[in-house]
Amino acid sequence: MTRWAPGAAERLQEAALELFATHGFEQTTATDIAQSVGLTERTFFRHFSDKREVLFHNQHLFTQAFLAGVEAAPPDASPIEIVACALRSATSFFPDERRHHSRTRQSVIDQNPALQERERHKLATLAEAVAGALRARGVDEAAATLAAESGVTVFKVAFVQWLREDEHRSLTALAEDMLRELRALTRDRA
């Protein structure tokens, strides 16, 4: 078995997703995943702490994309404008070429309550990180929390829309539409 071939983690992720989608998450073992790409279970565990981690492996890159957008926002930007920059940065992490992969991943998550909980935790952790970055820019606690939570909600709603089979707009365009909708909902019309 090839143990140290380059790209082992990526091959394991791809194989795991395919096995989860066809056989079910609970029915697929780490050994099944490793053997499907000619690796050992031991090699699997060198890359991932458990089979759930295969689905959440690049979470830090996703968070970094949001935080890079916060950092890139103009110094005089309002909290919601900073979140708009963060959304543009984060949605670029999901080009249209990743849509099929993302649909399959979400389908696996949607079928497993423990994975759904892990996904919610990922988004809550993301909101905390964005709120912290906003506070570091001088935004007060309440505004930072509201802007960060709103930004993550906008991302989540846009992402669900992006995954639909009949949707062809980019995730960036959808997030911009959802952010406009949020602004329209919160606009003071008095």
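The axes of α8 and α9 come within 8 Å and cross at roughly 140 degrees; axes here are lines fitted to C-alpha atoms over the stretch in contact, with angles from 0 to 180 degrees between N-to-C directions. I therefore put α8 and α9 down as oblique to each other (under 35 degrees is roughly parallel, over 145 roughly antiparallel, 65 to 115 roughly perpendicular, the rest oblique).

A note on the source: this is a predicted model, with local features needing pLDDT of at least 70 and side-chain atom pairs pLDDT 80 or more, while totals for chains, interfaces and linings use all residues. Residues are numbered from 1 along each chain as its sequence is written, and side-chain values use heavy atoms, without hydrogens and water.

Next I counted elements: 10 helices and 0 strands in the protein chain (DSSP runs, H or I of at least four residues, E of at least two, numbered from the N terminus).

Then I looked up the largest pocket, at about 790 Å³ (an open set of 1 Å grid points where a 1.4 Å probe fits, with protein on both sides within 12 Å along at least five of seven lines; lining residues have an atom within 4 Å of a point). Volume is the space filled by probe spheres set on the points, joined across faces, edges and corners. Of its 34 lining residues, L55, R105, I109, E119 and K122 are the closest to the centre. I noted that α7 gives the most to this lining, with 8 residues.
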